[in-house]
Amino acid sequence: NSGGGDLDTTLGLLDALDNCQAHVHARVSGTCASAATLPLFKCDTVHVAKGTYFLFHNASYGMWPTDTNEVERYSKFQKKRLDKFMREIYSGFLTEEELTDMIDNNRQIHMDDVEFVQRWNKYKGIGEQVFVPDSFLKSLKKEQLIDLLQGRVRINENMELEENSIG
């Protein structure tokens, strides 16, 4: 649950996630906006609570150079750097049209939990998502939860565990 944050701090987290050998699972609720969306794309699995709101937008930042020429060079450098970064992270999740509109026209993209999960599953090559009540997850034995997180089983529409046909 975060409205976003500092990109440099987030880059450190992304690097740690890239180098983590463990299965990484994110649990998202409330608001997930701006820089807070980025770590999701480094996770193996994501749980999205009902009612969660997502916001994707172009980067915004302050300027530290003080002379006019350096401000212009810095701005051009950051635009090129951040455009490339945004395309690397969000490609396949956002459409090319959405990416271009977000980067070039500062379009903000808003999603509810249902749209995010549908796109996420398509992006990750997963079948239809079933929203799972916390009470169901709490009822699972440790071994069942591990199988679920590692993708060996899935939860069907009847809220039952079954073998996962996806690798």
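**View 1. The end of helix α4, where Gly125 follows in this predicted model.** Just after α4, Gly125 adopts a positive phi of about 75°. At the other end, the start of α4, a side-chain oxygen of Asp112 comes to within 3.2 Å of the backbone nitrogen of Val114. Helix α4 has 12 residues (residues 113-124), which at 1.5 Å a residue should span 16 Å, and this agrees with its end C-alpha atoms, which are 16 Å apart.

**View 2. The buried residues of helix α4 and the elements they pack against.** Asp113, Phe116, Val117, Arg119, Trp120 and Asn121 are buried in α4. The buried residues of this helix pack against the strands β3 (45-48), β4 (53-56) and β5 (109-112), and also against helix α3 (96-105).

**View 3. Arg119 and its salt bridges with Glu98 and Glu115.** In the salt bridge between Glu98 and Arg119, the closest N and O atoms are 2.7 Å apart. Because Glu98 lies in helix α3 and Arg119 in helix α4, the pair ties together parts that are 21 residues apart in sequence. Glu98 counts as buried at 10% relative accessibility, and Arg119 is buried as well, with a relative accessible area of 17%. Arg119 also meets the side chain of Glu115 in a salt bridge (3.1 Å, N to O); these two residues both lie in helix α4, four residues apart, or about one turn of the helix. Glu115 is partly exposed, with a relative accessible area of 28%.

Conventions:
Residues numbered from 1 in each chain as written. Predicted model: local features only at pLDDT ≥ 70, side-chain atom pairs only at ≥ 80, totals over all residues. Heavy atoms only, no water. Expected span 1.5 Å × (residues − 1). Buried < 20%, exposed > 50% of the residue type's maximum accessible area, 1.4 Å probe, protein only. Contact = heavy atoms within 4.5 Å. Polar contact = N/O pair within 3.5 Å; in protein donor to acceptor, adjacent residues only side chain to side chain. Salt bridge = Lys/Arg side-chain N within 4 Å of Asp/Glu carboxyl O.
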